[in-house]
Every structure is written in structure tokens, then in C-alpha cells.
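Here's a quick briefing on a protein model. Have a look at the fold first, then we'll walk through it by topic.

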Amino acid sequence: MAKAFFIHESGGPEVLTSTEYSPGLPGAHQVRIRQLAVGVNFHDIYVRSGLYNTLALPGIPGIEATGMVEDVGARVTLVKPGDRVTYISSSYGAYADERLIDEQLLIRLPETVDSKLAACMMVRGLTAQVLLHEVFPVGPSHTILVHAAAGGVGRLLCQWAKHLGATVIGTVGGTDKAETVRALGCDHAILYRQENFVDRIMELTGGAGVDVAYDSVGKDTFFGSMDCLKTLGHLVNFGQSSGPVEPMVVSRLAEKSTTLVRPILSHYIATTERRESIANAFFDAISSGVLTPSIEHEYPFSEVSQAHADMEARKTSGAVVLSI
């Protein structure tokens, strides 16, 4: 029997329940994989708490992992037993040591990418690629704001955007995190607990503001992010770690002809071709040294509840992985 963590009702980390279950045999286009590591994301916390009602209960949460192909269905052509693969799945199910999954979701890992790193970096890495290259193509002429710059996606955004030539301003919660993001290429690190980030950004930009603000915090920063924008600037809200954003009067965008987008990664990687293209761009950035991601926090698979609790308490920064 395999083991998985189920959610039977919404609540705190304690509602994650370890349960034996049988994944079953793969269907025609399915693959059974033995998982090696599982990534932990704030999305998982939103699902567990009930903020996102996107997982039918009881259900197995988790959207990314790495594993080895153990068995394949009769019509599977993209992978074979023994392949090392990674995936992102909007239909969840990653919090398990074995599982069935559609072959179309799987991405074969190059030898240059570590299994544990891939397990906790696919959502972050593909998100960063989409944000910097597709949602708003960043270049040398741009000044950007990255909230939670020391977080999992934030670190990649800072490092990758600096490689692209942008001027990078990041917000962080403490001096240690400020040092971390500066080392990754962040030109200016703002300690948001000590100074008003809007005032500081306007000072740094001579009153002009930023071309684009990448905001994964949500409620606490959203309207401040809007105030930081240049005329014709862009606000990219891609998360809500502080809570959902309050309703906004659309005409507020007219003050500086700004734009607002709420991108969802699954929409950008909905086809096999796009998923592979975006993933390969991320893998290439790692292999070439443009990005140097690392695992900041590793927990045994049995301690998934503790991982959730630590993330919610802001005791973690960067990538979090469960090892199996």
C-alpha cells in the first residue's frame, strides 16, 4: 500500500492526515510513479485552509513533485519505466509516495537538475519564467518591484531580472533577507517593516515609479504597489499570502493608465508544447548558471504538517521540500 496525506475538512496543519491507499493500475494514458520528493507551496496552504475551494474533499493536496516512472498504461508514448520525471498538476495529488498521473503532465528531467530541487522549484521556476518573459517581458530599460524578494519566486525574479538588465527593487522583512537578495542582484532592498515602501520607491526612482510591480503578498501590499507604478505601469498580482485583495474600483487604473493582471500558471502551461518550452527555459537558466536556486528547508515526508505550520509562521524562506 502507498501512503498519502489526505484532507477531509478545511482547517489548520493538523487536518493533514496520513492514510494508506492504493493508487491502482495506470489507465491507457496514465503513468504510475514512485515519488522521490514533493514541493510545498503557499498554494497548498490556501487549499488546506479552505481559502481555495479547488480540491474535492476528501482529497490529496500538493501540486508538484519529482519521481521515477514505475509502470505505464497501454497507450503511453512520452515516458517509459525508469525515467526520472517532474510535474505540476492543477488536479493535485502530489502529497503521496506513489501515484497515478496523466503522461501529458510529465516533464523528463535533465541530468543537470537535482530531483529534490526540481520537486520544489517547478512551480517557482516556471512562474518566474512566465512573469518575466510572457506576462511582462522585462529588459534593460525597466525598473521592477519584487515583493517578498527573499521568497521562493522572489529570489528567482531578482536573479533572472538582473541578468536581463533590469533595475531591481525588492521588499524584505529583515536585514538578513536584505543581504540575501542583494547577493542575487537586487539593486535596492527595502525593509518594509521599518520604512514605507511606496515612499522609498518614489525616492529611489526620482518620483517616476516602477515599470512593473510583482506582488505575491496581496491584501497588505496591493494598493501600495499600485501607487508605486509609473504612468502606463503594470501591476502583476500573482499571490495573496497576506489575504485576498479587497474589491477595487476599476476606474482607479485610469489615474495613470495602468494595467492589472492576475496570471495563473496552469493557463500558461496548458499544452505539452508550452509546458516543455517554459520548463526547458528554466532548466537552461539553471544549467548556464543564470539561476542558482537552492533548497532552503527540507522536511521528511511524515512532517508535512510541520512544514505547513512553519511556512505560515514565516519561519521559512525560499524553497521547501518534503523528502521521501
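Strands β11 (residues 210–215) and β12 (residues 229–237) run parallel and are joined by five bridges; two strands pair here if DSSP finds at least two bridges between them. Helices (H or I, at least four residues) and strands (E, at least two) are DSSP runs, numbered from the N terminus. This is a predicted model, so keep in mind that local features need pLDDT of at least 70 and side-chain atom pairs count only at pLDDT 80 or more, while totals for chains, interfaces and linings use all residues. Residues are numbered from 1 along each chain as its sequence is written, and side-chain values use heavy atoms, with hydrogens and water left out.

**The parallel sheet**

- β11 and β12 belong to an open sheet of six strands, ordered β10-β9-β8-β11-β12-β13, with parallel pairing.
- The edge strands are β10 (188–191) and β13 (259–261); each has a single partner strand, so one side of each is left without a neighbour in the sheet.
- On average, neighbouring strands of this sheet are turned by 15° against each other, direction ignored; the axes behind such angles are lines fitted to C-alpha atoms (for helices over the stretch in contact), with angles running from 0 to 180 degrees between N-to-C directions.
- β11 also pairs with β8 (residues 143–146), again in the parallel sense, over three bridges.
- D215, for its part, faces N237 in β12.
- β11 is mostly covered, with six of its six residues buried (buried is under 20% relative accessible area, exposed over 50%, partly exposed in between, using a 1.4 Å probe and protein chains only).

- Helix α3 covers residues 152–163, and at 1.5 Å a residue its twelve residues should span 16 Å; the end C-alpha atoms sit 18 Å apart, which agrees. That expected span is 1.5 Å times one less than the number of residues.
- Ten of the twelve residues of α3 are buried, so the helix is largely enclosed by the rest of the structure.
- Among those buried residues are R155, Q159 and W160, along with L156 and L157.
- T127 is found in helix α2 (residues 115–135) and is buried, with a relative accessible area of 12%.
- Just after α3, G165 takes a positive phi of about 100°.

**The antiparallel partners of β3**

- β3 (residues 30–39) runs antiparallel to β6 (residues 98–102), with five bridges joining them; Q30 has D102 as its bridge partner in β6.
- Seven bridges join β3 to β4 (residues 64–72), also antiparallel, and V38 stands opposite A65 in β4.
- β15 (residues 319–323) pairs with β3 in the antiparallel sense too, over three bridges; the partner of A37 in β15 is S323.

- The L57 to P58 peptide bond is cis, with omega near -5°, and P58 lies in the loop between α1 (42–49) and β4.
- Y92 isn't a glycine, yet has a positive phi of about 70°. Y92 lies in the loop between β5 (84–88) and β6 and is buried, at 4% relative accessible area.
- A148 has a positive phi as well, near 50°. The loop between β8 and α3 is where A148 is found, and at 34% relative accessibility A148 counts as partly exposed.

**The second largest pocket**

- How much space lies in the second largest pocket? About 180 Å³, where a volume is the space filled by probe spheres set on grid points joined across faces, edges and corners.
- On a 1 Å grid over the protein atoms alone, a pocket is an open set of points where a 1.4 Å probe fits, with protein on both sides within 12 Å along at least five of seven lines; lining residues have an atom within 4 Å of a point.
- The lining includes L78, V79, Q104, P110 and F283.
- β7 (106–108) and α8 (272–287) are the elements that give two or more residues to this lining, and α8 provides the largest share, four residues.
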